Amino acid sequence: MHTYHVNGVRLACEVQGDGRPILYVHGFPLSGRMWHPILPLMSDAGKLIVPDLRGFGASEATADAEMADYADDLAALLAALGEKRPAVVVGLSMGGYIAFEFHRRHRGSVAALVLADTRAEGDTAESAKARLESAEKVLMEGSRIIGDAMVEKLFAPAAAARTKEEWRTIMAEASPIGVAAALRAMSRRTDFRPLLADIRVPTLIVVGAADSITPVDGSRRMHEAIPGSRLEIIPDAGHMTPVEQPQAFARAVREFIGAL
Ligand code: MLT
């Protein structure tokens, strides 16, 4: 794990291997650690770039952020790594929202997209309000309340209790400032549905068959809207497909990258 000062913030990032850059963008309220189960399976697929987003893992938190900031952080990180080649951007859930923003703002830096367990639509007024309330609560009571609220929804019903407990703890340890900033940023994110038809890079959509946070139907709609996209539905996985079914997730991504 190295530290990079980019875009006014200190970001932690793991970098492994050589070749085509593959940028892994984690979900909320997680960290680059969520990609660990698949990294050994991807080690010969390219240069694996696995940051902790601002406010998560070992990266610095800022009291406020927009989705654009997370995307610009990643562009600055690629530049700091001396990376001039366009990257395969793999984003899970909030990481997918950031991947959309990255594609909009840094189109020349995107070779392909992998949109995992995510959605294109923005928040409804009701969900935005709930996020803002959660942000206030997290700042007062800590991130444990988010971990407790999310852990059962993250995984398919059959997931091991030990795995759920491990992730509940990771979420509870997230920085309340970083979590609150991301909640606010997500509450006002762009609805990317009108922009999907304009995605011209190869796109793979992956979703766990039992994902209850971003259900399969939303992935099917993205698949229909993004020209030439592929859709992979991973059996026996909820919202955390790379953690729950690393072999199947890695196989889908490897096949996709191999065909680029
Ligand atoms: C995530 O996994 O990143 C979150 O569930 C996304 C969200 O809350 O919309």
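This is a conversation about how terms are applied to one predicted model.

Colleague: What kind of model is this, and how are residues numbered?
Modeller: Residues count from 1 along each chain as its sequence is written, and side-chain values use heavy atoms, with hydrogens and water left out. The model is predicted: local features need pLDDT of at least 70, side-chain atom pairs count only at pLDDT 80 or more, and totals for chains, interfaces and linings use all residues.

Colleague: How do you know that the span of helix H6 agrees with its number of residues?
Modeller: Helices are DSSP runs of H or I, at least four residues, and strands are runs of E, at least two; both are numbered from the N terminus. The expected span is 1.5 Å times one less than the number of residues. H6 covers residues 176–187, twelve residues, so it should span 16 Å. Its end C-alpha atoms are 16 Å apart, which agrees.

Colleague: Why is H6 called largely enclosed?
Modeller: Buried means under 20% relative accessible area, exposed over 50%, partly exposed in between (1.4 Å probe, protein chains only). Ten of the twelve residues of H6 are buried, so the helix is largely enclosed by the rest of the structure. Among them are Gly178, Leu183, Arg184 and Met186. Their cover includes helices H1, H2, H3 and H4.

Colleague: Why does Ser187 count as buried?
Modeller: Ser187 sits in H6. Its relative accessibility is 13%, so it falls under 20% and counts as buried.

Colleague: What does Ser187 touch?
Modeller: Contact means heavy atoms within 4.5 Å. Leaving out residues up to four places away in sequence, Ser187 touches Asp123, Ala128, Arg131 and Leu132.

Colleague: What makes the pair of Ser187 and Arg184 a polar contact?
Modeller: A polar contact is a pair of N or O atoms within 3.5 Å; within protein, one must be able to donate a hydrogen and the other to accept it, and residues adjacent in sequence count only if both atoms are side-chain atoms. A polar side-chain atom of Ser187 lies 2.7 Å from the backbone oxygen of Arg184.

Colleague: Which residues are around the ligand?
Modeller: A residue is near a molecule or strand if one of its heavy atoms lies within 4 Å of it. The residues around the ligand include Gly27, Phe28, Ser93, Arg131, Met186 and His239. An oxygen atom of the ligand is 2.7 Å from a polar backbone atom of Phe28. A polar side-chain atom of Ser93 lies 2.9 Å from a ligand oxygen atom.

Colleague: Why is the pair of Phe28 and Phe56 called edge-to-face?
Modeller: Rings of Phe, Tyr and Trp (its six-membered ring) pair if their centres lie within 6.5 Å; planes under 30 degrees apart count as stacked, over 60 as edge-to-face and the rest as tilted. The whole structure has four aromatic pairs. Phe28 and Phe56 are 6.1 Å centre to centre, with 80° between the planes, so the pair is edge-to-face. Phe28 and Phe56 lie 28 residues apart, and both are buried.
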